[in-house]
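This report examines a single protein chain. Please consult the sequence and the three-dimensional structure below before reading on.

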Amino acid sequence: QVQLVESGGGLVQPGGSLRLSCVFSGFTPGYYPIGWFRQAPGKKREGISCLSNRDGGTYYADSVKGRFTLSRDTAKNTVYLQMNNLKPEDTAVYYCAADGLCFSDYLGGMDYWGKGTLVNVSS
């Protein structure tokens, strides 16, 4: 049974930093691509970062490139999303997901999802 559990969300001021964690189970690390999505109020779900299981590449949406960093601790079965220089427009529910497609120009089709963690960037 594939499971993903996010944590680390909360209230942060603009310009601040936050690190999200995603603990996954039910599959071998590196077997599936894994990534982060977010959905802001009234907006469509947006893929923001993923780690490819084919080439090991890490990809980012233009909206977060240079500010967010995805990393993985295979020993802990955990993927992280380090978010720096947060902006109010980053406010959203952030989801960890796995078993889809992860390319430099496409992120989607994920079959397994966590329940999400809310990030609120506000002064």
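Tyr106 is partly exposed, its relative accessible area being 42%. In this predicted model, the residue belongs to strand β11, which covers residues 106-108. Together with Leu101 and Phe103, Tyr106 makes up a nonpolar patch on the surface. The accessible area of these residues together is about 280 Å².

## The open sheet

An open sheet of 4 strands is present, in the order β1-β3-β8-β7 and with antiparallel pairing. Its edges are formed by β1 (3-7) and β7 (68-73), each of which pairs on one side only. From one strand to the next, the twist averages 20°. Strands of a sheet pair through backbone hydrogen bonds, in either a parallel or an antiparallel arrangement.

Strands β1 and β3 run antiparallel and are joined by 5 bridges; Val5 has Val23 in β3 as its bridge partner. Strand β3 (residues 18-25) also pairs with strand β8 (residues 78-83), in the antiparallel sense and over 6 bridges. Here Ser21 has Tyr80 in β8 as its bridge partner. In a regular strand, side chains alternate between the two faces of the sheet. For β1, the covered face carries Leu4 and Glu6, whereas the uncovered face carries Gln3, Val5 and Ser7.

## Disulfides

How many disulfides does the count give? The count comes to 2 disulfides, and with bonded cysteines counted along the chain their pattern is 1-3, 2-4. A disulfide is a covalent bond between the sulfur atoms of two cysteines.

Cys22 lies in strand β3 and Cys96 in strand β9 (residues 92-98), so the pair ties together parts that are 74 residues apart in sequence. Cys22 and Cys96 are buried.

Cys50 is joined to Cys102 by a disulfide with an S to S distance of 2.0 Å. The torsion about the S-S bond of Cys50 and Cys102 is about 85°, and the disulfide is therefore right-handed. This pair links distant parts of the chain, 52 residues apart: Cys50 is in strand β5 (residues 46-51) and Cys102 in strand β10 (residues 101-103). Cys50 and Cys102 are both buried.

## Salt bridges

The structure holds 4 salt bridges. Side chains of opposite charge can pair when their charged atoms come close. Which residues are linked in a network of salt bridges? The network links Arg38, Glu46, Arg67 and Asp90.

Asp90 has 0% relative accessibility and counts as buried. A salt bridge also joins the side chains of Arg67 and Asp90, at 2.7 Å from N to O. Arg67 is in the loop between β6 (58-60) and β7, and the pair is 23 residues apart. Arg67 and Asp90 are buried.

## Loop residues

Two asparagines in loops have a positive phi. For Asn77, in the loop between β7 and β8, phi is near 50°, a positive value in a residue other than glycine. Asn77 is partly exposed, with a relative accessible area of 23%. Asn85 is placed in the loop between β8 and β9 and has a positive phi of about 50° although it is not a glycine. Its relative accessible area is 42%, and Asn85 is thus partly exposed.

The loop between β8 and β9 also contains Glu89. Is Glu89 buried or exposed? Glu89 is exposed, with a relative accessible area of 54%. Between Glu89 and Gly35, the separation is 54 residues in sequence and 20 Å in space, C-alpha to C-alpha.

Technical notes. Residues are numbered from 1 along each chain as its sequence is written. This is a predicted model: local features need pLDDT of at least 70, side-chain atom pairs count only at pLDDT 80 or more; totals for chains, interfaces and linings use all residues. Side-chain values use heavy atoms; hydrogens and water are left out. Two strands pair if DSSP finds at least two bridges between them. Axes are lines fitted to C-alpha atoms, for helices over the stretch in contact, and angles run from 0 to 180 degrees between N-to-C directions. Buried means under 20% relative accessible area, exposed over 50%, partly exposed in between (1.4 Å probe, protein chains only). A disulfide is a pair of cysteine sulfur atoms within 2.5 Å. Patches are made of residues with over 30% relative accessible area and no salt bridge: like charges are joined within 9 Å, nonpolar side chains (Val, Leu, Ile, Met, Phe, Trp, Tyr) within 5 Å. Accessible areas come from the Shrake-Rupley method with a 1.4 Å probe; for residues, only the protein chains shown count as cover.
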